[in-house]
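Student: Please show me the structure, and then let us go through it by question and answer.

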Amino acid sequence: MTTSFGPSYVRAIAPYIAGKPISEVAREFGLDEANIVKLASNENPLGMPESAKRAMAQAASELGRYPDANAFELKAALSERYGVPSDWITLGNGSNDILEIAAHAFVEKGQSIIYAQYSFAVYALATQGLGARAIVVPAVKYGHDLDAMLAAITGDTRLIFVANPNNPTGTFIEGSKLEAFLDKVPRNVAVVLDEAYTEYLPAEKRYDSIEWVRRYPNLLVSRTFSKAFGLAGLRVGFGIAQPELTDLLNRLRQPFNVNTLAQAAAIAALNDKAFLEKSAALNAQGYRRLTEAFEKLGLEYVPSDGNFVLVRVGNDDAAGNRVNTELLKQGVIVRPVGNYGLPQWLRVTIGLPEENEAFIAALEKTLATA
Ligand SMILES: Cc1ncc(COP(=O)(O)O)c(C=O)c1O
């Protein structure tokens, strides 16, 4: 008898590989947790904003009750910040939830979804999870090739995922190019513009994607509180789209997908401009330091607009895992990206200055003895 529970397209899914937790590395390598540096999951090295901690402590007394299913106050705060009505906003358990819900809301089994090679792993998972067909468009210089993505649209394409900046490569598409792309996408094809890292963009690279949502009824912009806002563990993300798409998303969303503490903390973080500015400044400073070290070591890296950098640590396909293991032994956790088809590379999240130094020292030591 064969064990074949579930649809074949679900059995074919390779599970998402998350960054290794500090406790696991400590156990595995016999290290003290306090000396381990984790630069593996694009988290905010500053941790949670104090304002969000205070808001959570206050909300804790409400935990005997279910959360506000419609998250009235958080949606009101988002509505004010982004200048869209509340019924254009969908909340998610992280923006990961928004990406999954969008795939289920817009696409039927057997239809196709387009995304770029080396783009965020969840696009492939969401596509496979519903038995849709993936059209993976080859990257150019590790980034999206929007013209090729347009040319890849077929009669059964219902969704295109675009990440800007992209993870794991950090590549950025200029606003004018995205706008020209949106102009050409047929109106029966939804576009999810995943802007998980948008708050890190310098002023000169910013563009107004919310204004595009007003113009394009097939556009869903997805954002998260996990990165620059510092709330990765609470799981809050949101999507902004016109009511026709938003209504579909809300039909599929679990009613209580954002918990009470997360709602309270997100409102506080949204209003904490000082924390956001500090996060972006720290990130820019760390980026300069890491890339300067890569240049000194003669390592190729992909210029990044996220809170991480993709760096090539060798020319053979075992290099990423080999260097990663050596870094783990020294208590530095980064992310090997062989599962993205990038076995010679590592993705390193930009940390606090001392964390960046620990990573650089461990990398120098590893490469010197390789
Ligand atoms: C491009 C991109 N989109 C979405 C996410 C999902 O993040 P979250 O579910 O924490 O909002 C990530 C997380 O790393 C990401 O890199």
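**Cis bonds, ligand and voids**

Tutor: Pro165 is found in the loop between strand E5 (157–163) and helix H8 (175–184); helices (H or I, at least four residues) and strands (E, at least two) are DSSP runs, numbered from the N terminus. This is a predicted model, in which local features need pLDDT of at least 70 and side-chain atom pairs count only at pLDDT 80 or more, while totals for chains, interfaces and linings use all residues. Residues are numbered from 1 along each chain as its sequence is written, and side-chain values use heavy atoms, with hydrogens and water left out.

Student: Which residue does a cis peptide bond join to Pro165?

Tutor: Most peptide bonds are trans. The bond in question is cis, with omega about -10°. The residue joined to Pro165 is Asn164.

Student: What is omega for the cis peptide bond that joins Asn167 and Pro168?

Tutor: Pro168 also has its place in the loop between E5 and H8. The cis peptide bond there joins Pro168 to Asn167, and omega is about 15°.

Student: Where does Lys141 lie?

Tutor: Most residues other than glycine have a negative phi. Phi of Lys141 is positive, near 50°. Lys141 lies in the loop between strand E4 (133–137) and helix H7 (146–151).

Student: Which residues surround the ligand?

Tutor: A residue is near a molecule if one of its heavy atoms lies within 4 Å of it. The shell divides into three nonpolar, six polar and three charged residues. Here Ala, Val, Leu, Ile, Met, Phe, Trp, Tyr, Cys and Pro count as nonpolar, Asp, Glu, Lys and Arg as charged, and the others, Gly among them, as polar. The surrounding residues are Gly94, Ser95, Asn96, Phe120, Asn167, Asp194, Ala196, Tyr197, Thr224, Ser226, Lys227 and Arg235.

Student: Where does the ligand sit?

Tutor: On a 1 Å grid over the protein atoms alone, a pocket is an open set of points with protein on both sides within 12 Å along at least five of seven lines, and lining residues have an atom within 4 Å of a point. A molecule sits in a pocket if more than half of its atoms lie within 2 Å of its grid points. The ligand sits in the largest pocket.

Student: Which helix gives the most to the lining of the largest pocket?

Tutor: About 480 Å³ of space lies in this pocket, a volume being the space filled by probe spheres set on the points. Of its 27 lining residues, the closest to the centre are Tyr16, Ser41, Phe120, Lys227 and Arg235. The helix that gives the most, with three residues, is H5 (residues 95–106).

Student: What is the volume of the largest cavity?

Tutor: A cavity is a set of points where a 1.4 Å probe fits but cannot get out, and the structure holds two of 30 Å³ or more. The lining of the largest cavity is made of Asn44, Pro45, Tyr200, Ser279, Leu282, Asn283 and Ile350, with no charged residues among them. Its volume is about 40 Å³.
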